Amino acid sequence: MSSALSLIRSLFYRPWLLATLAAAGSAILLLLASLGLAMHQLQQGESEQMNAQGERFLERLEQIFGQLREGVDLLEAQPLRSCSPKMVSTLQQVAFQYRFVYEASYVDGVHSCSSRFGEEVVDPLRVPDIQGPTYSYWLNTTTQPNDNLAALMLGRGKFRVSTSRGHLSDVVDLPPNGSLLVILDNDTRAIPVLGPPQIWPPSEQWPPQTQQALVVLSDLLIYRMPTNSPDYQLVLMTPRPSNQLRMNTVLWLLFPGSLLLAWCIGWLVLQVISQRRSLSGELQGALRRGELQVLYQPIFELNSRRCVGAEALVRWRRPDGTLTSPDLFIPLAENTGQIREITDFVIQQLLEQLGHVLRANPHLYISVNLAACDVMAPRIGGVTARLLAIHHVSASQIAFEVTERGLIDVVVARDNLQALRDVGHKVLIDDFGTGYCSLAYLQTLPVDCLKIDKAFIDALGHDAASSGVAPHIIRMAHALELRVIAEGIEYEAQALLLNSEGVNYGQGWLFAHPLSARQFAELVTRGRRMGGRRIDDEP
Ligand code: C2E
Ligand code: MG
Ligand code: MG
């Protein structure tokens, strides 16, 4: 833990290194994430396109097969059975009647005649590729990529009707090397209707387990179309560009974008660190120049409204008079380790400024906020003991506030807090309820008092009508025989309700804002009872 912290601290002092690490890390992450996303979208687009193409083909094929069947049925039903001029005109009538019938023909053992008188394309002797109970099918009747030539032929008896490949290819532009295939013989043989022949089956694990129409293989997209006949299947098959090729295209788009974004992140990190570093540098100067000062927010017994002590709160007043909030510089000081110096400064200041008040009022105490690193090492006990000895103040007059977040390692914290209690200091849990302290956990900690966080006091409401969690925390503290201090009391109704719930002590703007040492000393020495009034204000 401590080695991780010192690593972070050392990085903090090498902003360029940290910025470069941040930029490199985010570049890798961005590239991986956007690459994954782009590939996914590419595949999705590819699949969607193939699905759409397949559906359009299927629709057209149904129309074509419907018309071819109707045409050949019509011819089979009429009585003519020889190549006469009347037969030719009947064939022409059918070809004319059906949009998708390109040629109708009659073939018997000796003669053949066609609706396309003189320019027949049907080879009368070719055996059918599929022989069904009623119809016969000839596929890829010509290999020439001429849209006016027949691609598919249907026969019944001695009649044949065929469609031109243009009627198939006008619905979809088949990509280069894509084919429309008819699959025969139990999924083992593929005959192209459009496009070049393809290797079939396309993979070793064929047929695939999926019922979905679209099958995506690493190098092929295969769209299987359902047919009414169990004898054959229709399949649209297109090759996919290789992964590497697709990656290359995607990379060319993503690489510069990700690099630019990563550079921006690195730059941002550099700016933030430089800013934080300059603030931390300024804080170092502030400590040296004495720009830090300590204010004291009085703590009152709620019953008697008597001041029993105060919480020491640090302030950073810059030479131009502006105040920097401790909420801003304390977390930074905790990160850089400057907090130790601040804690020592607060204890030293409070004893120098209020030592005489504490000596004159032995029951008065001042509580000091500790950071996690103060709790994790026994150092603070020694520092305080030395200063207490110089100022002749009792250890019972200095209390320490630790937050739940400050208890990083409970075992170490417990030992150090116990050591502080052993010499007479009180230990308070600050901002109670905002961290992770459970009842069971709390029982094992050597503490004297809980400070309920202002957030829970706010929830009591101005009219004290809503009670929230505060009463539960109070009951829990009492069960553990701990005292309770309520923080941030702003309204009389809150003070009354808290008092009726058994809270002994409170601090907040209702009674007093944080005061200068002089104001606080005045408050104590004059024994001013605050009643409903409050002493103002920060100097
Ligand atoms: P905290 O220890 O919980 O201190 C109480 C904060 O609530 C103080 O803010 C105080 O001014 C404010 N406060 C008190 N009563 C009221 C009220 O009625 N209404 C409102 N709205 N606020 C009230 P501050 O002084 O700005 O301190 C903020 C935090 O900074 C402190 O919270 C503490 O965590 C930290 N801090 C301040 N001084 C020191 C210090 O010397 N050392 C360490 N380690 N932390 C400190
Ligand atoms: Mg505090
Ligand atoms: Mg607090």
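How many nonpolar, polar and charged residues does the shell around ligand 1 have? The points below take this up.

1. Basis. This is a predicted model, where local features need pLDDT of at least 70, side-chain atom pairs count only at pLDDT 80 or more, and totals for chains, interfaces and linings use all residues. Residues are numbered from 1 along each chain as its sequence is written, and side-chain values use heavy atoms, without hydrogens or water.

2. Shell of ligand 1. By class, the shell has nine nonpolar, four polar and nine charged residues. Here Ala, Val, Leu, Ile, Met, Phe, Trp, Tyr, Cys and Pro count as nonpolar, Asp, Glu, Lys and Arg as charged, and the others, Gly among them, as polar. Strand β13 gives the largest share, four residues.

3. Polar contacts (pairs of N or O atoms within 3.5 Å). A polar side-chain atom of E490 lies 2.6 Å from a nitrogen atom of ligand 1. For a polar side-chain atom of Q297, the distance to a nitrogen atom of the ligand is 2.9 Å.

4. Magnesium site. E311, N369, E401 and D430 coordinate the magnesium ion (ligand 2) at 2.1 to 2.3 Å. Donors are N, O and S atoms within 2.8 Å of the metal (3.2 Å for Na, K and Ca); water is not among the atoms, so sites may look incomplete. D430 also coordinates the magnesium ion (ligand 3), and the two ions are 3.9 Å apart.

Methods: Chains are lettered from A and ligands numbered from 1 in the order in which they are written. A polar contact is a pair of N or O atoms within 3.5 Å; within protein, one must be able to donate a hydrogen and the other to accept it, and residues adjacent in sequence count only if both atoms are side-chain atoms. Helices (H or I, at least four residues) and strands (E, at least two) are DSSP runs, numbered from the N terminus.
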